[in-house]
Amino acid sequence: MPTPREPLVYDAAVEAMFSRALKGRLSPRLKTRVKEAGIDLDAKLKPSYPREVWLRTMRLVVADLYPGVPEERAWFELGERMVDSFGETLMGPAIVGVLKLLGPKRALGRMSQTFRHANNYMQSTLEELGPGRFRLWVNEVGISPHFIAGTVSATLRTSGATAPQVEIAEFDGHQCTYVISF
């Protein structure tokens, strides 16, 4: 019987978050706490990190950088910030260029592939509800469905949507269904 694959977050996502999105925002104390949680930002990044390490470090970031901000807003902004900075990674410019060529509808249709650039466990399905209106299901959103909502919103903006709306329709603690319009 095959063993289940360990959920991993790839170095591209870690780099986009810590080396780009949060560049200059991490205090020495927070960097130390992130290292203790499993990601040494002063060393060469590993090719991947266990999902639990990623989640622990992300909790630390939100708690430290967004004090007093409603949790949903903090996670959403962090998700947007990550995607917005992805263009500064080694693979990022190519991905951003492809998103612009695809446009919002086709970019949404490729969310599973987009997630695969960040980790080995997220999958999604998309259903068109009408012109500029979609339902996106994601199997595993991690700590907060708002983080993924922020990443989807920023992806849509990057692909050309002017005012994307990403609303949480259902969330069971792992999987989430979003209703998206643009």
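**Exercises on a predicted model**

**Exercise 1.** In this predicted model, find which residues arginine 135 is in contact with, leaving aside its neighbours within four places in sequence.

*Solution.* Beyond those neighbours, the contacts of arginine 135 are Thr125, Leu126, Glu127, Leu129, Thr177 and Tyr178. As for separation, proline 67 stands 68 residues from arginine 135 along the chain, and their C-alpha atoms are 32 Å apart.

**Exercise 2.** Describe how helix α4 and helix α7 pack, and state which residues of the two helices meet.

*Solution.* Begin with the geometry: helix α4 (residues 71-86) packs on helix α7 (residues 145-158) at an angle of about 40°, and their axes are 7 Å apart. Because of that angle, α4 is oblique to α7. The crossing of α4 with α7 is right-handed. Turning to the residues, α4 contributes Glu72, Trp75, Phe76, Leu78, Gly79, Glu80, Met82, Val83 and Asp84, which meet His146, Phe147, Ala149, Gly150, Thr151, Ser153, Ala154, Thr155, Arg157 and Thr158 of α7. Sorted by class, this contact comprises eight nonpolar, seven polar and four charged residues.

**Exercise 3.** List the buried residues of helix α1 and name elements that cover them.

*Solution.* In helix α1 (residues 11-21), the buried residues are Ala12, Ala13, Val14, Ala16, Met17, Phe18 and Ala21. Their cover includes the strands β1 (8-10) and β2 (48-50), together with the helices α2 (28-37), α3 (51-65), α4 and α7.

Technical notes:
Residues numbered from 1 in each chain as written. Predicted model: local features only at pLDDT ≥ 70, side-chain atom pairs only at ≥ 80, totals over all residues. Heavy atoms only, no water. Axes fitted to C-alpha atoms, helices over the stretch in contact; angles between N-to-C directions. Helix = DSSP H or I, 4+ residues; strand = E, 2+ residues; numbered from the N terminus. Parallel < 35°, antiparallel > 145°, perpendicular 65-115°, else oblique. Left-handed = near helix turned anticlockwise from the far one by under 90°. Contact = heavy atoms within 4.5 Å. Nonpolar A, V, L, I, M, F, W, Y, C, P; charged D, E, K, R; others polar. Buried < 20%, exposed > 50% of the residue type's maximum accessible area, 1.4 Å probe, protein only.
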